[in-house]
Amino acid sequence: MLRQRLIRGADRYGKALGPRARVLVCQLPLAVMMAGVALAGPAAWPGLPDSTLCRFALALQAALLAACVLVPWQRFGPLAPLVIPILDLVAIGLLRDGTSAGLPDPGVLSVLPVVWISASSLSAAASLSLSFSAPLLAALPWLLADRTAPLAARTAEAVLVPLMMLAVSLAMRSARARLRHEQRRIKSKEAELGVLLAEVTGLVDALAAKDDVVSTVSHEFRTPLTSIIGNLDLVLADIEGLDSPVVRRVEVAQRNAERLLALVSDLLMSASAAVHVHPRRTDLAGLVEASLGSAQAQAQASRVRLATDVPGPLWANVDPLRISQALDNLVSNAIKYSPDGGSVRVSASTADGLVRLHVEDTGMGMTAADAGRVFTRFFRSPAVRDGSIPGAGLGLSITKAIVERHGGSISCRTRPGHGSTFTLELPTDGPPAAF
Ligand code: ADP
């Protein structure tokens, strides 16, 4: 992260400066050093002011600094400013030639122009050979002039600085290559991200549009459905006691209208962004009892025995309506997915400020892959989808949303052919403050 920011920062910094300012910034360190030599030279190196070569080197430096400021570099190609560091190497060579033995070697100053050349867009071969040959050529007169030391020692001394500069240039080039590589990688990642973002944006928009349609349609369905159910209730009350096929047909219509209303409510709830809960002190054992009571008819029709092992009262701070809805979903699923009959048992346990409600069935169970997706909206296992068990794949996702809104969690243990156990885990004190 930091590396990416540094790379981007360097990139932006380079682009923000104009060509002239860039040349000046590159030249400034050496110009400051040379100014230091010019000012401190007479005291540090007593012979320096008398050396024509030194004076020439310093004058060349001053001219180069002026050129950095005055030349309209933007009119020339990107490699044109490299004439400055090349001439810098000449100036350093002259300074070297002008200083006498025993004094600090100004050859090390070559590192500044070499860094400039190596960081430029010049080819690697050209910048490496320039970094080596320019300091070497500049040192030749000095090598030839000083005849007091043995030739081998003079040669070693003359070659040392160019070799050092070659090493510096190599390090710079490899750092530059790495930087370029990183920049290319970041650019391609950004491009990939852009494509992904465009794809995901489309998907999110489509999902939002789908949720919009679902919620509008469901909302529009609810009012007429409630009216149908209300009127069917009134008809059934009027014809109560009659034993005629009409009563049974009205009852079928009423059951289906109620199923439709339940489906519409589920669709509405799953399309809305948030589940609202209003927790209060509630006896969970009472809710379990009520849930099993209302599932009795469905259980009888499916030849499923219902059992409970929830000693009451079992107090928790929950929204009774929402938790009933969650329990109803789990109990109704447990019966629905036990097509060959069997038993459904609801039990409870408490520990560490949590209450756990287990809804266990001996039904068809699921594969591990299916179990991993049961809480996803609209998911129905392939075994169920191919069969005749009705459902929309919304109940468990709604149940999960309700439980999580309480600061709890839901999990599932299952094996194909060996039944399933769904466990709700709820904090007895209710949802934490953040909820
Ligand atoms: P629906 O029951 O309407 O299909 P749910 O969200 O309640 O939707 O359940 C999603 C899917 O999870 C079901 O279609 C079924 O494949 C699977 N499932 C849920 N409960 C059980 C269970 N007790 N036993 C086996 N499979 C189950």
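Mentor: A backbone N or O atom of Leu396 lies 2.8 Å from an oxygen atom of the ligand. That is a polar contact, a pair of N or O atoms within 3.5 Å (within protein, one must be able to donate a hydrogen and the other to accept it, and residues adjacent in sequence count only if both atoms are side-chain atoms). This is a predicted model, where local features need pLDDT of at least 70 and side-chain atom pairs 80 or more, while totals for chains, interfaces and linings use all residues. Residues are numbered from 1 along each chain as its sequence is written, and side-chain values use heavy atoms, without hydrogens and water.

Trainee: Which side chains have an N or O atom 3.1 Å or 3.4 Å from a ligand atom?
Mentor: Lys336, 3.1 Å from a ligand oxygen, and Ser420, 3.4 Å from a ligand nitrogen.

Trainee: How do I read helix H11?
Mentor: Helices are DSSP runs of H or I, at least four residues, numbered from the N terminus. The expected span is 1.5 Å times one less than the number of residues, so the 17 residues of H11 (320-336) should span 24 Å, and the end C-alpha atoms, 23 Å apart, agree.

Trainee: Which residues of H11 are buried?
Mentor: Buried means under 20% relative accessible area (1.4 Å probe, protein chains only). Among them are Ile323, Leu327, Leu330 and Ala334. In general, an α-helix has 3.6 residues a turn, so residues three or four places apart point the same way.

Definitions and conventions:
Helices (H or I, at least four residues) and strands (E, at least two) are DSSP runs, numbered from the N terminus. Buried means under 20% relative accessible area, exposed over 50%, partly exposed in between (1.4 Å probe, protein chains only).
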